[in-house]
Amino acid sequence: MDSLHLLGTGFQSAFALGAFLTIVVGLLVGTIAGALPGISFVNAMAMSLPFTYVMTPTQAMLFLGGIYVGGVFGGSISAIMINVPGTPASLPACWDGYPMTQRGEVRRALAIALTASATGGLCSALLLAFAAAPFATFALKFSQPEFFAATVLGLISVLAIAKDRPVVSLISMLVGIAIGTVGVDPLYGISRFSFGIPAMQSGIDFVVVMIGLFAISEVIDLLATDRDLRPRKTAARGLPLRLSDLWLIKGAVLRGTGIGCMLGVIPGAGATPGAVIAYGVEKQASARGAEFGTGVEQGLAAPESAKNATTGAAMVPLLTLGIPGSAATAIMLAAMMLHGVSPGPLLFLMDPTMVYTIFAAMIIANLLMIVAGIGVAQFFSTLMRTPPAVLAAFIVVLSVLGAYGVRNNIFDVYVCLAFGVIGWVMKRTGFPSAPLVLGVILGPLAERYFMTSLANFHQDWTVFFTRPISGVILALALCFALWSLWPGMKVAAGGIARRRGASAG
Amino acid sequence: MSGEARAAGAGSGTALARRLAAPAGFLVAALVLPFFMLDGAHAPRGVGLGPAAWPQAMLALIAVGAVIWLLQELLAWRRGRASLTAAAAAEPAGETYSYGKAAGGLVMIIVYGALLPIIGFPLATAIFIALWCFLGGLRRLVVVVPLALLGTVVLLWVFMGVALMPLSRGQGVFDQLSIAILQLVGIY
């Protein structure tokens, strides 16, 4: 009851004109920044930090919270429309969102993504408002071995996108992990695979790889095929979403939201593993799992709801314990510190109005996201009507800018273009690129958690299995791998039995 | 020969070499790359697994995977089945693919990247947009030229003006030209 009363006060403060406008502006900035590949909402949050000096602490948090919520969804707009994920967490949106665009269902795909994201985000914001404390206690039990196990679970989910080619997909993922090892090692400070090139010592950023593999290869295909990406004409205005669509995705949204809330609350896990794991689980759980990758609504809805469900959940450890679990929440922590506010249990006692205004703002932001998302998506949808040649030219320039913007380094542009050529070759030869990108994103995290776990636990590798949470997650990863491989194993076993029968006959 | 077997190109030595090229390439790379991992620097001994352990483990797994892939390809070839990657590489129905245009596009993108630090972002981008549109079939100069110029100005405004990205201005005379362009559009 006390929480409800405080939340009511929070809503009152958040609906004050100044505060409300701050959320709206933040949301728009985040959605646009998220939709532009390479810019990323985290960069937008970092660039917005100086502007928060002139705001009150609460306003600063509302502004950054708006960017965060909008940005996490925004990345899917470009993923669905041009097959270029605006953020790493939007990678799964390419797998089933873009095929819908290719079928002329871009507006329906966006509507599904938006609905799923808003639902996930809203549930997560409610979780933040009512169950922050117990979730924070659970998150505190995670240490390096548990993070390693969670990352392994994320990597294993690559089997879900393997399309009956688990070996090729695993090789692709391992190549991605190997690419992620280029540069100075995080524990020993020794350069690896730099081949005497100084710029290689800084490593290969996953954003650069992602832009190259997806954007460049896609524009080459656009040029070579004269593909028509214009949205199919529909009678309805706005985003076309029927009640039957909502019914179709309800299970996927629920599962995705649950996974996102669970993973989001763990510092360091974040939206990307959440979205990828949700996709993998949904592929197994859905009756249309075999069709995933061809534009299946559930395959789009599950990761979308999961990634936005991590937004509110990621703020649980930030506000309750003062622990930022991601780059975005670290910037929010910085903003709070700049204003002399120390997040943690004391904040709930000292300034509950501020805390509950943030909670209310997260709920409002997720509801407003539907409006902001429709606006930005309509704008991008209009862009899709431009001739493919023009669209492709600007995608290339934006990709180059995105790669350059990562570290303001021309070397990254060269790496991006090299991966563009590699991505095109991979596409033409049928070698999967999505597992490679996943490897580049999660590989460095897995290595860091693995090496620091061993360093912290006297090089005892059994720690991954003997610690209860880590052991359970690794067991889940094993079950997940077997679950994913089971249909293929059944087919192979059937084939062997048939051959034996034929030779015996 | 069945359709599947024809797709597999069973019986042809070239087809077999082609389908084994990728796994063999990965195998060779995984076996050779460990020798080029650390340049000159020596890994600290006696302290944990060392910096080479993780990448070496990944390369070893790639090698194992590549061997399995090789065996699978050989088995599929013997049975007259298509390559593991052939189905994924198949063209979408009703779509013709112009490899000439694709090659032209790849060359243009690489040249654009190479020219960026030499002639600067404003000039390289305007030329690139115009040429790409031309290659893509948009050949009306009254459309292409204003599109390239306006597009470049908008990009300059967003990325150099608002986001303050220090994009390349080029070298020598191109640096002066870029500064003049930036002054003209009001960014400098």
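**Helices, chains and residues**

Modeller: This is a predicted model. In chain A, the axes of helix α10 (residues 243-264) and helix α12 (residues 297-321) come within 6 Å, and they cross at roughly 35°.

Biologist: What is the handedness of the crossing of α10(A) and α12(A)?

Modeller: The crossing of α10(A) and α12(A) is right-handed. Sorted by class, the residues in this contact are 14 nonpolar, nine polar and five charged.

Biologist: Which helix is E297(A) in, and is E297(A) buried or exposed?

Modeller: E297(A) belongs to helix α12 of chain A. E297(A) counts as buried because 22 other C-beta atoms lie within 10 Å, and the cut-off for a buried residue is 20 or more.

Biologist: Which residues does E297(A) touch, apart from those up to four places away in sequence?

Modeller: E297(A) touches I112(A), D245(A), L248(A) and I249(A), once residues up to four places away in sequence are set aside.

Biologist: How far is G299(A) from V413(A)?

Modeller: Their C-alpha atoms are separated by 32 Å, and the two residues are 114 residues apart along the chain.

Biologist: Let us step back. How many helices and strands does chain A have?

Modeller: Chain A has 20 helices and two strands. Its radius of gyration is 22 Å, close to the 23 Å that the globule rule gives for 505 residues, so chain A is as compact as a globular protein of that length. The C-alpha trace spans about 80 × 60 × 50 Å along the principal axes of chain A.

Biologist: How much of chain A is buried?

Modeller: Buried residues make up 61% of the 505 residues in chain A. Of the contacts in chain A with a separation of 6 or more, 78% are between residues 24 or more positions apart.

Biologist: What about chain B, how many helices does it have?

Modeller: Chain B has eight helices and zero strands. Of its 188 residues, 31% count as buried. Residues 24 or more positions apart account for 63% of the contacts in chain B with a separation of 6 or more.

Biologist: How many residues of chain A are in contact with chain B?

Modeller: 58 residues of chain A are in contact with 61 residues of chain B. The elements of chain A that each supply at least two residues to this side include α8 (166-180), β2 (191-192) and α9 (206-225). The helix that gives the most is α16(A), with twelve residues. By class, this side of chain A has 41 nonpolar, eleven polar and six charged residues.

Biologist: What span should α16(A) have, given its number of residues?

Modeller: At 1.5 Å a residue, the 20 residues of α16(A) should span 28 Å, and the end C-alpha atoms are 30 Å apart, which agrees. This helix is mostly covered, with 18 of its 20 residues buried.

Biologist: How does α9(A) look on burial?

Modeller: In α9(A), 19 of the 20 residues are buried, so this helix is largely enclosed by the rest of the structure. From its first C-alpha to its last, α9(A) reaches 28 Å, close to the 28 Å expected at 1.5 Å a residue.

Biologist: Where does F193(A) lie, and is F193(A) buried or exposed?

Modeller: F193(A) lies in the loop between β2 and α9 of chain A. Its phi is near 50°, a positive value in a residue other than glycine. F193(A) is buried, with 20 other C-beta atoms within 10 Å.

How values were computed:
Residues numbered from 1 in each chain as written. Chains lettered and ligands numbered in written order. Predicted model: local features only at pLDDT ≥ 70, side-chain atom pairs only at ≥ 80, totals over all residues. Axes fitted to C-alpha atoms, helices over the stretch in contact; angles between N-to-C directions. Helix = DSSP H or I, 4+ residues; strand = E, 2+ residues; numbered from the N terminus. Left-handed = near helix turned anticlockwise from the far one by under 90°. Nonpolar A, V, L, I, M, F, W, Y, C, P; charged D, E, K, R; others polar. Contact = placed C-beta atoms within 7 Å. Rg over C-alpha atoms; globule rule 2.2 N^0.38 Å. Buried ≥ 20, exposed ≤ 12 C-beta atoms within 10 Å, placed from the backbone. Expected span 1.5 Å × (residues − 1).
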